Amino acid sequence: MTRDLLQRFWVERANCRGVDPIVFFPERGDTRTQRPARAICGGCEVRSECISYRLLTTSSHGDEGIWGGTTAMDRRELRHVFTINTRSTPTPDEISALVAAVHAHFNPEESVADAEDDVLLAETG
């Protein structure tokens, strides 16, 4: 599974689908303008997949924007927590493990097994 394949699994179910992308690129450091994007992401069923995708990818615009409710600074911290290597293509198992770890990080009340089951369902569905 490549990064593009990971994106295909979740993007169709994302709360942000159809929302003007400008909402997700607020002024840097302005928490007031970040609120709408964070609210949209907050209850999204594919938040962990979105964050994982962004942690594994870079763009010509750097690491800006709100992805899964996280800012560029949040993601820098997460890359250190999860020791992510963006220089190589991750294996399907590495992607699944990252999605499960991100899910557990943001949903500590749920078990990692539940998150892994969700990833498997998304991959087969």
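G62 sits in the loop that joins helix 3 to helix 4, where helices (DSSP runs of H or I with at least four residues) and strands (E, at least two) are numbered from the N terminus. With a relative accessible area of 33%, G62 is partly exposed; buried means under 20% relative accessible area, exposed means over 50%, and partly exposed lies in between, using a 1.4 Å probe and protein chains only. From C-alpha to C-alpha, G62 and A72 are 9.0 Å apart in space, while in sequence they are ten residues apart.

The model is predicted, so that local features need pLDDT of at least 70 and side-chain atom pairs count only at pLDDT 80 or more, whereas totals for chains, interfaces and linings use all residues. Residues are numbered from 1 along each chain as its sequence is written, and side-chain values use heavy atoms, with hydrogens and water left out.

## Overall make-up

The protein has six helices and zero strands, and reading along the sequence gives the pattern α-α-α-α-α-α. Of its 125 residues, 38% are buried. Among contacts (heavy atoms within 4.5 Å) with a separation of 6 or more, 59% are between residues 24 or more positions apart.

The buried residues are S48, E49, C50, I51, S52, Y53, R54, L55 and L56.

Two packed helices are described by the angle between their axes and the distance between the axes. Here the axes are lines fitted to C-alpha atoms, for helices over the stretch in contact, and the angles run from 0 to 180 degrees between N-to-C directions. Angles under 35 degrees count as roughly parallel, those over 145 as roughly antiparallel, those from 65 to 115 as roughly perpendicular, and the rest as oblique.

The axes of helix 3 and helix 5 come within 9 Å and cross at roughly 120°, and the two helices are therefore oblique to each other. On the helix 3 side, the residues R47, S48, E49, I51, S52, L55 and L56 meet I95, L98, V99, V102, H103 and F106 of helix 5. Divided by type, the residues of this contact are eight nonpolar, three polar and two charged; Ala, Val, Leu, Ile, Met, Phe, Trp, Tyr, Cys and Pro count as nonpolar, Asp, Glu, Lys and Arg as charged, and the others, Gly among them, as polar.

Helix 3 also packs with helix 4 (residues 72-81), at an angle of about 80° and with the axes 10 Å apart, which makes helix 3 roughly perpendicular to helix 4. This contact is made by I51, R54 and L55 of helix 3 together with R75, L78 and R79 of helix 4, and its residues divide into three nonpolar, no polar and three charged.

## Nonpolar cores

In soluble globular proteins, nonpolar side chains tend to be buried together. A nonpolar core is a set of buried Ala, Val, Leu, Ile, Met, Phe, Trp, Tyr and Cys residues joined through side-chain atoms within 4.5 Å. In this model the largest nonpolar core has ten residues, namely I51, L55, L56, L78, F82, I84, I95, L98, V99 and V102. Helix 3 (47-56) and helix 5 (92-106) each supply at least two residues of this core, and helix 5 gives the most, with four residues. Apart from this core lies another, of seven residues, among them W10, C44, Y53 and W67.

W10 belongs to helix 1 (residues 3-11), Y53 lies in helix 3, and C44 is in the loop between helix 2 (31-42) and helix 3.

| Residue | Relative accessibility |
|---|---|
| W10 | 3%, buried |
| Y53 | 11%, buried |
| C44 | 15%, buried |

When neighbours within four places in sequence are left aside, W10 is in contact with V46, E49, C50, Y53 and W67. The C-alpha atoms of W10 and S48 are separated by 9.5 Å, although the two residues are 38 residues apart along the chain. For Y53 and G68, which are 15 residues apart along the chain, the separation of the C-alpha atoms is 9.5 Å. Leaving aside its own neighbours within four places in sequence, C44 is in contact with R13, A14 and N15, and the C-alpha atoms of C44 and C16, 28 residues apart along the chain, are separated by 8.4 Å.
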